[in-house]
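Please keep the sequence and the coordinates in view while reading.

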Amino acid sequence: MKADRLITDCRLATMVPGGEPYGAIEDGAILIREGRIVWVGARADLPDHQATEVDGLDGRWVTPGLIDCHTHLVFGGDRSGEYERRLTGVPYTQIAREGGGIASTVRATREASDATLTERALDRLKALTDGGVTTVEIKSGYGLDAATELRMLRVARGLEQAGKVRASTTFLGLHAIPPEFADRRAAYVDLMVDQVLPAAHAEGLVDAVDAYLEPIAFTAEEVARLFDKARQLGLPVKLHADQLRDGGGAALAARYQALSADHVEYISDDGVAAMAEAGVVAVLLPGAFVMLDETKLPPVQAFRDAGVPMAVATDCNPGTSPLASMTLAMALACMKFRLTPEEALAGATRHAARALSIADQAGTLEVGKAADLAVWDVTRPAELSYWLGKSLLHRRYQAGR
């Protein structure tokens, strides 16, 4: 068998379900050709091969590269000053009335050049990739006008090559109502649905469409208009759903066969059942849960019982989740939501891939999938959600390199 690279003397957490915990192979090997896995298994079963490069890993653990399936990575400025004020007791509502909150990020993003947006996003992306991430989803939603939403998506597209990562871009035009449309929300929805999304799609900038369904954001009717347009354009959808109350977001996501419903702390039993029937992934975002000091937990046991896949992501954003570490997101998911370490790793690999509709390409160590791998200085995979702030990554492979 011809191969560009042999990875050997390693332990594999393949994350293929149905066998050993973590899909583990204690003494494994991987053959890679043209960026894809062409053989994986026990080293004793390694077929005859002609590998150009051989990487011995001294018994280290190899997992699929981590997948951060929910980020707002591209934005201008930061809101650390607001964070300080909130810690002294100033309520968010007062900060927002004074021009803070998402409005401040919108102003900063509109004012930033493409070069500045790229530079700052690459810095955050490097933190993720240094922590084992090989695939990242990136949303728009801090431009809230035609020009800036398109600029954000172009910057996000450019991060794939510049950051040496697989990137998936998501249109989030229905994130908030910008100040200039405060008294004309219907006109704003028309703009995003009828003009900006089609323009972004025509330019090849959109892999999926998202919206924020909450009383402080958009209604089910407004989101349905956007999702109908996405369906016309052949684009999959996902939804910020049931984060602050049960607004029927999960059921709406299920109705449109969404890739995922994200946050879902306040989801109802009916919403869980609808997600299970429609195959919608629940994306858990513990960073926002911690940052907002929430107490309402997502119904993890109900998801388990119903067979709803649970992904884990950082929700990296300047306001409610300034988190740029997938291993820390995994640790928080275990500590706060009571996921097991194996569930957390599955949520950052196999289920996250499904949430981005790339399960045929990534998320497990299997023949035919991209050789996007993370090599770890750990003695067992549970350490990935055990250590807080420790650098664990030994090496990262992107398409076999």
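Setting aside residues up to four places away in sequence, Ala274 touches Ala251 and Ala254. The model that shows these contacts is a predicted one. Ala274 itself is placed in helix H9, which covers residues 269-278, and its C-alpha atom is separated by 9.7 Å from that of Ala306, a residue 32 positions away along the chain.

**Overall fold and dimensions**

- The secondary structure of the protein consists of 14 helices and 14 strands.
- The radius of gyration of the protein is 21 Å, which agrees with the value near 21 Å that a compact globule of 401 residues would have.
- Taken along the principal axes, the box filled by the C-alpha atoms is roughly 70 × 45 × 45 Å.

**Surface, burial and charge**

- Of the 401 residues in the protein, 55% are buried.
- The accessible surface comes to about 16200 Å², and carbon and sulfur atoms hold 49% of that area.
- The protein carries 42 positive and 54 negative charges, and the mean positions of these two sets lie 2 Å apart.

**Aromatic pairs**

- A pair of aromatic rings is described by two quantities, the distance of the centres and the angle of the planes.
- How many aromatic pairs does a search of the whole structure find? The search returns six.
- Phe181, Tyr188 and Phe218 together make up one aromatic cluster.

**Surroundings of Met326**

- With a relative accessibility of 1%, Met326 counts as buried.
- Which residues is Met326 in contact with, leaving aside its neighbours within four places in sequence? The partners are Leu66, Ile67, Asp68, Leu128, Val133, Val312, Ala313, Thr314 and Ala348.
- The C-alpha atoms of Met326 and Thr135 are separated by 11 Å, although the two residues are 191 positions apart along the chain.

**Backbone angles in two loops**

- Most residues other than glycine have a negative phi, and this is the background for the two cases that follow.
- Asp293, which is not a glycine, has a positive phi of about 55°, and it is found in the loop between H10 and helix H11 (300-306).
- Asp315 likewise has a positive phi, near 60°, while being a residue other than glycine, and its place is the loop between strand S12 (310-312) and H12.
- Which of these two aspartates is exposed and which is buried? Asp293 is exposed, with a relative accessible area of 65%, while Asp315 is buried, with a relative accessible area of 2%.

**Arg107 in helix H3**

- Arg107 is found in helix H3, which runs over residues 102-111.
- At 42% relative accessibility, Arg107 counts as partly exposed, since that class lies between the 20% limit for buried and the 50% limit for exposed.
- From the C-alpha atom of Arg107 to that of Ile216 the separation is 19 Å, and these residues are 109 positions apart along the chain.

Notes: Residues numbered from 1 in each chain as written. Predicted model: local features only at pLDDT ≥ 70, side-chain atom pairs only at ≥ 80, totals over all residues. Heavy atoms only, no water. Helix = DSSP H or I, 4+ residues; strand = E, 2+ residues; numbered from the N terminus. Rg over C-alpha atoms; globule rule 2.2 N^0.38 Å. Buried < 20%, exposed > 50% of the residue type's maximum accessible area, 1.4 Å probe, protein only. Areas by Shrake-Rupley, 256 points an atom, 1.4 Å probe, with all protein chains shown as cover. Lys, Arg positive; Asp, Glu negative; His and termini not counted. Charge placed at Lys NZ, Arg CZ, Asp CG, Glu CD. Phe/Tyr/Trp six-rings, centres within 6.5 Å; stacked < 30°, edge-to-face > 60°. Contact = heavy atoms within 4.5 Å.
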